[in-house]
Amino acid sequence: MSDVESTILTALSGGADASIPDSFAFATTAKLDHNVIVGTCKSLQADAYITLAEHSTQFYVLGKEAESIIDNGSQEIRVLNALITAGEAGLSMPELQKAVGKDVCKIGMGNCLKNKWAKKDKPSGKLIAIVTDGSKDEVKEQLIVLKEAPEGENNTKLLDGPAYVALKRRKLISLVTRKYYTIGRGPDYAPQRTKKAADLTKEMLESGKWKETPFKEYNFQTLGESVGGGYLHPLLKVRAEFRKILMEMGFEEMPTNKWVESSFWNFDSLFQPQSHPARDAHDTFFIKEPARTVSVPEEYYQRVKTMHEKGGSGSIGYRTVFERDEAMKNLLRTHTTAVSSQMLYKLANQPGGFTPAKYFSIDRVFRNESMDATHLCEFHQVEGLVADYNLSLGDLIGTIETFFRKIGITQLRFKPAFNPYTEPSMEVFGYHPDLKKWTEIGNSGMFRPEMLAPMGLPKDVRVIAWGLSLERPTMIKYRIDNIRNLFGHKVNLGMTKNAPICRFEDVEEEEKA
């Protein structure tokens with residue numbers, strides 16, 4: 001039990017009718033902080049040890065300037081006395097300031113002129129006293145009356161109303177409201193407080209102590225804290241919008257829930273050479289356990305191996321030894337094209353043969369890169385492909401333009417590029433209205449015959465494909481300049497909660513409207 005608590009309970013120990021009429025006066029007498037007294041009393045009241053009745057009183061307190069007036073007189077009287085001393089010659093402003101001080105002169109001169117105790121001589125500009133026998137210092141007397149009233153008692157009726165108004169206007173006094181409590185015995189009063197238990201413990205049950213232990217009352221009607229609902233991350237909001245757009249364009253979503261792939265599907269099936277730098281450990285995350293994949297379609301594996309070593313479909317291949325150990329290594333996929341190659345293989349070997357198809361995926365990929373404001377070791381890739389007879393580069397450009405128009409980007413440029421598994425290949429650039437410059441927003445191309453032929457696709461089937469990251473359009477949409485503020489452990493959860501709904505305006509629909 002604290003000393004304050006003990007002091008309060010002891011003060012109430014004199015009998016059933018014992019009370020503390022004024023908690024503030026009690027705190028002053030006991031030399032304790034009144035706020036501490038109030039806090040302790042409310043705690044005791046919660047356990048029914050005491051009762052509290054709240055009261056309030058109002059009284060005026062004097063400011064520093066008022067204390068100075070009590071000691072030295074009001075400013076107007078001090079100015080008047082200086083002018084009376086100067087006689088009929090009066091005092092100029094500098095002389096008056098020197099006599100009483102600048103601050104006193106400023107206030108006192110105005111009040112003297114207002115009360116017609118002094119006048120200003122126009123020819124000389126000097127102040128001359130009109131009242132020559134002094135004047136009663138009413139302001140000082142009023143302040144003394146207020147000061148001599150007992151501290152904390154109501155002194156709001158000691159003066160007439162206009163006097164209070166004048167003193168408050170001059171900011172000499174201020175009205176204070178003080179709350180205090182009358183403290184009485186509660187139904188469970190005791191000279192010493194016994195702490196009530198909040199929980200029933202195993203030890204209480206085993207010892208039987210629970211029978212004598214006082215417990216806090218439980219309020220079974222109270223409501224718990226409201227639980228906020230879940231919120232979609234901005235990436236998921238943009239992903240949902242992209243997904244809707246691609247489905248509207250007739251694309252079917254590919255299953256991309258397998259992040260670990262074999263090097264065969266991630267690289268070899270795409271006709272990417274086994275000596276390519278992207279297959280080094282400093283660019284790719286290889287899996288230690290299990291380090292090797294279980295199996296791949298053997299017949300297809302042999303056709304891919306032949307294409308790499310000897311070529312075919314007009315190609316001479318890479319003329320290097322194709323190693324099974326390299327192809328069987330497990331890794332975190334570096335692109336979702338690893339899934340695209342498997343879908344195309346299934347499409348070529350499905351019952352009934354090949355049928356045209358349009359696929360898309362939006363999922364996570366992993367690359368061993370140095371992290372900075374625009375790069376992470378993992379990011380999301382948006383990929384789309386169309387497999388059909390006799391497709392051309394024009395079909396690819398038209399499909400890309402249709403997609404980007406649906407997300408509000410109409411200014412596109414295409415630049416020739418190189419990719420190991422597409423030929424021709426193009427980088428896609430879009431005009432950024434905020435940055436006012438062209439920025440790369442995607443990559444595209446037509447899958448090479450060396451990739452498609454081993455799958456068993458008909459010779460006149462072409463596959464056009466394109467891809468972009470999900471993070472870049474999300475950063476542009478939500479005005480985020482650092483990718484680490486969008487994705488990763490540094491993300492502000494408040495941003496996720498407050499991010500607005502993602503909506504891209506279809507430029508074609510706007511033009512029609």
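**Exercise 1.** Find the angle at which helix H1 (residues 3-11) and helix H3 (residues 34-46) pack, and name the residues in contact.

*Solution.* Helix H1 and helix H3 pack at an angle of about 70 degrees, and their axes lie 10 Å apart. Because angles of 65 to 115 degrees count as roughly perpendicular, H1 is roughly perpendicular to H3. On H1 the contact (heavy atoms within 4.5 Å) involves Val4, Glu5, Ile8 and Leu9; on H3 it involves Val36, Ile37, Thr40, Cys41 and Leu44. Sorted by class, these are seven nonpolar, one polar and one charged residues.

The model is predicted: local features need pLDDT of at least 70, side-chain atom pairs count only at pLDDT 80 or more, and totals for chains, interfaces and linings use all residues. Residues are numbered from 1 along each chain, and side-chain values use heavy atoms, leaving out hydrogens and water.

**Exercise 2.** Give the strand order of the open sheet of three strands and identify its edge strands.

*Solution.* The order is S1-S5-S2, and the pairing (at least two DSSP bridges between two strands) is antiparallel. Strand S1 (19-20) and strand S2 (50-62) are the edges, each pairing on one side only. S2 and strand S5 (residues 173-185) are paired over 13 bridges. Across from Tyr181 in S5 stands Glu54.

Methods
Helices (H or I, at least four residues) and strands (E, at least two) are DSSP runs, numbered from the N terminus. Axes are lines fitted to C-alpha atoms, for helices over the stretch in contact, and angles run from 0 to 180 degrees between N-to-C directions. Angles under 35 degrees count as roughly parallel, over 145 as roughly antiparallel, 65 to 115 as roughly perpendicular and the rest as oblique. Ala, Val, Leu, Ile, Met, Phe, Trp, Tyr, Cys and Pro count as nonpolar, Asp, Glu, Lys and Arg as charged, and the others, Gly among them, as polar.
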